[in-house]
Amino acid sequence: MQFLVFRYNLHEIREAINFARKVGVDAIRISSARVYTGTDVIKPTKDSYEVSKEYLPEPGSRFSHYASDLKRVGSKKICDWVWKRMVINPDGSVSSCCAYYPQKYDSGNASNESVKSVYNNDK
């Protein structure tokens, strides 16, 4: 299970951990959220952050994705999510990225097709 931290749910981290234990989740990841996707690859991180800063923890806080992005400026790290993981959203839509991108980039929907077919399709 992954719990994405926003400004409005920062105080619910302990509750998420307790919920995960209660329902038998084998691992939980507490992670900073990215809501400025779509612009983060074409605009400087600071500019992209300005668009959505009201939703994110303050820069410099432990769960500020903005703070961790600044440390990686200029790095050439390649994300492996597309080959190793998938995200099944509450509505069943399947993404290959942990960040939010518009639904037109989704691989399919696990509510009405098998996870295997969604994961291995042409998208």
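Student: What order do the strands take in the open sheet of 3 strands?
Tutor: The order is β3-β4-β5, and the pairing is antiparallel. Strands here are DSSP runs of E with at least two residues, numbered from the N terminus, and two strands pair if DSSP finds at least two bridges between them.

Student: Which strands stand at the edges?
Tutor: β3 (87-88) and β5 (108-109) do; each has a single partner strand, so one side of each has no neighbour in the sheet.

Student: How many bridges are there between β3 and β4?
Tutor: They pair in the antiparallel sense over 2 bridges. I88, for one, has V94 in β4 as its bridge partner.

Student: Okay, stepping back, where does this model come from?
Tutor: It's a predicted model: local features need pLDDT of at least 70, side-chain atom pairs count only at pLDDT 80 or more, and totals for chains, interfaces and linings use all residues. Residues are numbered from 1 along each chain as its sequence is written, and side-chain values use heavy atoms, with hydrogens and water left out.

Student: And how many helices and strands does the chain have?
Tutor: There are 5 helices and 5 strands, a helix being a DSSP run of H or I with at least four residues. Along the sequence they follow β-α-β-α-α-α-β-β-β-α.

Student: What share of the chain is buried?
Tutor: Buried residues make up 30% of the 123 residues. Buried means under 20% relative accessible area, with a 1.4 Å probe and protein chains only.

Student: New topic: N9. Where does N9 lie?
Tutor: N9 sits in the loop between β1 (2-5) and α1 (13-23).

Student: Why does N9 count as buried?
Tutor: Because its relative accessibility is 5%.

Student: Which residues does N9 touch?
Tutor: Leaving out residues up to four places away in sequence, N9 touches F3 and L4. A contact means heavy atoms within 4.5 Å.

Student: Now pockets. What volume does the second largest pocket have?
Tutor: About 180 Å³, counted as the space filled by probe spheres set on grid points joined across faces, edges and corners. A pocket is an open set of points on a 1 Å grid over the protein atoms alone, where a 1.4 Å probe fits, with protein on both sides within 12 Å along at least five of seven lines.

Student: Which elements give two or more residues to its lining?
Tutor: β4 (93-95) and α5 (115-119). The lining residues, which have an atom within 4 Å of a point, include V94, S95, V118 and Y119.

Terms used. Buried < 20%, exposed > 50% of the residue type's maximum accessible area, 1.4 Å probe, protein only.
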